[in-house]
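Okay, thanks everyone, let's get going.

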Amino acid sequence: MAMASANALCMNPGDKDISYANHSSLQKNTLLKIRPFLEDTITDMLNKILPVSFIKVADLGCASGPNSFFPTFEIVDTITRVCQQSHRESPELQVFLNDLPHNDFNTVFRSIPSFHERLKKDKRGLRVPCFIVGVPGSFHERLFPTRSMHFVHSSNCLHWLSKVPRGVENNKGNIYMSKSSSVDVFNAYSKQFQMDFSKFLCSRSEEMIEGGQMLLTLLGRNITDPTNKDGFPLWDLLTKSLFDLVAKGLVQEVDVDSFNIPFYTPCQKEVREIIEKERMEIFEVNWDFEDNDYNTNFVFEKNRSGQNVAKTVRAVIESMLVNHFGEIIIDDLFIRYAHHVGSIVWDLVFIVLLTLVSMGIGSL
Ligand SMILES: C[S@@+](CC[C@H](N)C(=O)[O-])C[C@H]1O[C@@H](n2cnc3c(N)ncnc32)[C@H](O)[C@@H]1O
């Protein structure tokens, strides 16, 4: 039976109507929320390791578009400030932008000159020489040489699993864990997350220098019951939209049954079981990216919110849907999806777990 594959995961490239580059404001809101933690972590690391001649940092799951450069810009900003304050020469910075091989690295690479221009304009006082490279590969495996990395960042990525878990083949009528899923399905998702997250941490622990730091942000849930509406109701609404198309004869029910998303939002306890000591912060971001801390004029309008959320989700999941169901249903599917989301979006928040991990040698 065909299963949705994590290999088909690819944010919509720059030349798509609904590209990730133009429809990732929601993820940008997450990056804005964690900015103070990013600054603190980098400052802490610099205080431990300076003076050094170079620093190697990685952004894992960089996708393409403005968000790909956001962490790097903040890191340069912090290095500049810390070095200015302590009257030190700035170290050189090597930045590794990682994502899966199908990611739109062309768009990323094409944006590097304008990123350098922006740095030149903004940081006239002190220049941090910054060398950017792309690293295609899975962050569930080793990506860098042993003991080579000073800082690793990843935002909005680690809830993606390396594959659809074994044991969800009978998750009929669902594309993710849902109220009607069996306990085996919940266990299979949870187990796959634990394996993937542990592999991620093991790989990084081999790659980090002593005193290196990580900042990881992933979607999670604040309640243990995964079927609670704060679990991940947006996939239930996508299932509902797919079944609208089944009713119209545009999609086959058997294809919905065999589609399961390689995605998992862990609860705090599950993350705690893997990371015992590190600091974890939890905060919420609204699904409609326009409803954020900086937009004081926001007025809720359900159709607009439904559209906003639908475009955000489409930019992320379209490639996987096309791979399984074909291109022809996509516009129709997301019209229905926007409608379904609009009718409940006022009631939705998502929870972000912010995990701050310091990893010296042997800390895992
Ligand atoms: C929602 S995007 C987040 C992009 C960016 N970090 C942001 O905050 O806007 C998730 C990214 O994680 C990447 N990703 C998922 N699993 C991955 C893996 N195993 N290795 C590397 N990248 C992965 C996806 O390809 C995608 O580009």
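So, first thing: how do the residues of the shell around the ligand divide into nonpolar, polar and charged? Keep in mind that this is a predicted model. The shell has eleven nonpolar residues, eleven polar ones and one that's charged.

Who's in there? There are 23 residues around the ligand, and the ones that come nearest are Gln27, Gly61, Ala63, Asn67 and Cys157. If you're looking for secondary structure, α1, which is 25-49, gives at least two residues to that shell, and β2, at 92-99, also gives at least two.

Okay, zooming out to the whole chain. You've got ten helices and seven strands here. The radius of gyration comes out at 21 Å, close to the 21 Å that the globule rule gives for 364 residues, so the chain is as compact as a globular protein of that length. Along the principal axes, the C-alpha trace spans about 70 × 40 × 35 Å. Of the 364 residues, 44% count as buried. And if you take contacts between residues at least 6 apart in sequence, 86% of them join residues at least 24 apart.

One last stop, Gly137. Where is Gly137 placed? Find the loop between β3 (130-136) and β4 (149-155), and that's where Gly137 is. Gly137 counts as partly exposed, because it has 14 C-beta neighbours inside 10 Å. Beyond its neighbours within four places in sequence, Gly137 is in contact with Asn98, Pro101 and Leu143. And look at Asp99: it's 38 residues from Gly137 along the chain, with 6.0 Å between their C-alpha atoms.

That's my tour, over to you.

Conventions
Residues numbered from 1 in each chain as written. Predicted model: local features only at pLDDT ≥ 70, side-chain atom pairs only at ≥ 80, totals over all residues. Near = placed C-beta within 6 Å. Helix = DSSP H or I, 4+ residues; strand = E, 2+ residues; numbered from the N terminus. Nonpolar A, V, L, I, M, F, W, Y, C, P; charged D, E, K, R; others polar. Rg over C-alpha atoms; globule rule 2.2 N^0.38 Å. Buried ≥ 20, exposed ≤ 12 C-beta atoms within 10 Å, placed from the backbone. Contact = placed C-beta atoms within 7 Å.
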